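Reader: I am new to this structure. Please show me the sequence and the model, and then take my questions in turn.

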Amino acid sequence: MDFNVLVQALTILTLAIFVGFEVIAKVPPTLHTPLMSGSNAISGITVVGALLAAGGGHSQFAQILGVVAIALAMINVMGGFVVTNRMLRMFKRKK
Amino acid sequence: MAEAYINLCYLVSSALFIIGLKCLGSPRTARTGNLIGSWGMLIAIAATLLGKSILSYELIIVGIVVGSFLGVLLALLVKMTAMPQMVGLLNGFGGAASLLVAGAQYMTQGEQNIYVLIGIVLSVVVGAVTFTGSVIAAAKLQELISGRPLVYPLQKTITLVVAIVTIGFSVLLVREINNDYLYILSAISGLLGILLVLPIGGGDMPVVICLLNSYSGMAAMFTGFTFKTPNAMLIITGSLVGASGIILTAIMCKAMNRSIWNVIFGGFGQVQQGGAAATKAHGNIKSGTAEDVGMLLDGARLAIIVPGYGMAVAQAQHVVKEFSDALMKKGVDVKYAIHPVAGRMPGHMNVLLAEANVPYDQLYEMDKINPQFSEADLVLVVGANDITNPSAKTNQSSPLFGMPILEVDRARAIVVLKRSMNPGFAGVDNELYYNSKCMMLFGDAKKSLTDLISAVRQ
């Protein structure tokens, strides 16, 4: 990674933070718990890094770390999405 | 699949995550939003698996199957009252996953690239702090360890020393590739996470959980920088989660009128021993029966229910709903007043009431409900304390002073369901209980509510 590549990555980072603040600030308090469990789920995106670490044909120890990371991240992904869905299913309007 | 196509898939996934979060802006579209997010995740994982950099699949499949199974199991079994622990635990797993990925990246570092190394160090430190901190937070919420602030001599000094050592090893790790430094840095960062969360009490957990939620996102974001070509997918998604946690943290702090530094280093709930004596309220407490409340409700038009953590502990949300149904049958309008820090995480009360089938448009935020208390014939406080304490507005010497509260003391009559006269989390006496309009109904909230229901139905 040279300096130019770093700056490009930091550009993406900065824009993503702005988008994040804009979008999340509009979530009403009543949905804050599902927001948190939902963001648990998408923070499981580390699984992408874990897949690359586990499958990249590196040393065995690095592979094992990668696989454990996959399992942990998948708990987040599946646990997060399923429990969020379970919660949101209960939110109903007055009939 | 060629690199460019994988990146294209990542672009689609990132867009889906953002759209998904946007849909969380309204309860009507929220479920769809969650589904859209899960599609984004599926695309990201599938694209990565099809990439050329994946050489072996056997172990990977095992990891995916085991993790998915445990995740679904956890999600289906967890009780709604235990959501704060669940979210806490998931924060921790996210942090741990990032820590492990960064560790694996460090071990396979061929060349020494300063930016990659810095990314690895940040990912290790934030990941480890998130992991151990979240485990402690979840254990406190589950009451495996005491929810009270745990303080010991020289606590702040010790934490500071550990923090400095962490920084020291971070520098070493960047300057020289040595796996031993990696293990030590992981361990010492983990210790730092424990030391930071142990002194924080249960009532401050909403802030801690939000902050750790943000950290788990940041850890994923830093992991994106541990690759020679930075991974945009990790950077974008990690930032979204990081931003979300920070916003929620700010909301929680504002609702307690405290700064984030005060929450983390203030050791709230321990300094108040002196304060509690100073703010001891005087006067008579009026204790009543369910029948007394039944009489108060004769001819009532508006009743407001104020739920708090005690409702979650007593699992009383279903009885609360039954009570409000009984009132509505008599023609009483029932509204719920939700303080931002009621419960142990943001939105905790909303989820519990949703579980009990209370429609969400019956729930009102603090700013919307406060002007309506003066029109309420009855306010019923179920397991809430500090968030109703009028001294937050009137008594400058109170530790709660300045905290926005639900102004229940403006109602015509107030009924408080409470187990005993023990003070709330802040250790402060509640002036509300000495108000002549206030009646206490001592006992288990569930039992009291059941009595109230039969009193109303008569």
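**Chains A and B in questions and answers**

Reader: Where in chain B is the place of Q315(B)?

Author: Q315(B) belongs to a loop of chain B. Helices are DSSP runs of H or I with at least four residues, strands are runs of E with at least two, and both are numbered from the N terminus. The loop that holds Q315(B) runs between α13 (309-313) and α14 (317-329).

Reader: What kind of model is this, and how are its parts numbered?

Author: This is a predicted model, in which local features need pLDDT of at least 70, side-chain atom pairs count only at pLDDT 80 or more, and totals for chains, interfaces and linings use all residues; side-chain values use heavy atoms, without hydrogens and water. Chains are lettered from A and ligands numbered from 1 in the order in which they are written, and residues are numbered from 1 along each chain as its sequence is written.

Reader: What is the phi of Q315(B), and is the residue buried or partly exposed?

Author: Phi of Q315(B) is near 50°, a positive value in a residue other than glycine. Buried means under 20% relative accessible area, exposed over 50%, and partly exposed in between, with a 1.4 Å probe and protein chains only. At 28% relative accessible area, Q315(B) is therefore partly exposed.

Reader: What is the phi of N357(B), and where does this residue lie?

Author: N357(B) is not a glycine, yet its phi is positive at about 70°. Its relative accessibility is 45%, so N357(B) counts as partly exposed. N357(B) lies in the loop between α15 (348-355) and β3 (363-365) of chain B.

Reader: Which residues does N350(B) contact?

Author: N350(B) is in helix α15 of chain B, and at 6% relative accessibility it counts as buried. Contact means heavy atoms within 4.5 Å. Leaving aside neighbours within four places in sequence, N350(B) is in contact with P29(A), T30(A), F91(A), I338(B) and L363(B).

Reader: How many Å separate the C-alpha atoms of N350(B) and G224(B)?

Author: N350(B) and G224(B) are 126 residues apart along the chain.

Reader: Which residues does V241(B) touch?

Author: V241(B) lies in helix α9 (residues 232-256) of chain B. With a relative accessible area of 1%, V241(B) is buried. Not counting residues up to four places away in sequence, V241(B) touches S39(A), I42(A), S43(A), N213(B), S214(B), S216(B) and G217(B).

Reader: How many Å apart in space are V241(B) and L417(B)?

Author: In sequence, V241(B) and L417(B) are 176 residues apart. From C-alpha to C-alpha, the two are apart by 38 Å.

Reader: Which residues are in contact with Q105(B)?

Author: Q105(B) is in helix α4 (residues 83-107) of chain B. It counts as buried, at 9% relative accessibility. Apart from neighbours within four places in sequence, Q105(B) is in contact with I120(B), T226(B) and F227(B).

Reader: What is the radius of gyration of chain B?

Author: Chain B has 18 helices and 6 strands. For its 458 residues the globule rule gives 23 Å, and the radius of gyration is close to that, so chain B is as compact as a globular protein of that length. The radius is taken over C-alpha atoms, and the rule is 2.2 Å times the number of residues to the power 0.38. The radius of gyration of chain B is 25 Å.

Reader: What share of the residues of chain B is buried?

Author: Along the principal axes, the C-alpha atoms of chain B fill a box of roughly 80 × 50 × 30 Å. Of the contacts in chain B with a separation of 6 or more, 78% are between residues 24 or more positions apart. Among the 458 residues of chain B, the share that counts as buried is 59%.

Reader: What is the radius of gyration of chain A?

Author: Chain A has 4 helices and 0 strands, in the pattern α-α-α-α. The globule rule gives 12 Å for its 95 residues, and the value for chain A is well over that, so chain A is more spread out than a compact globule. Its radius of gyration is 18 Å.
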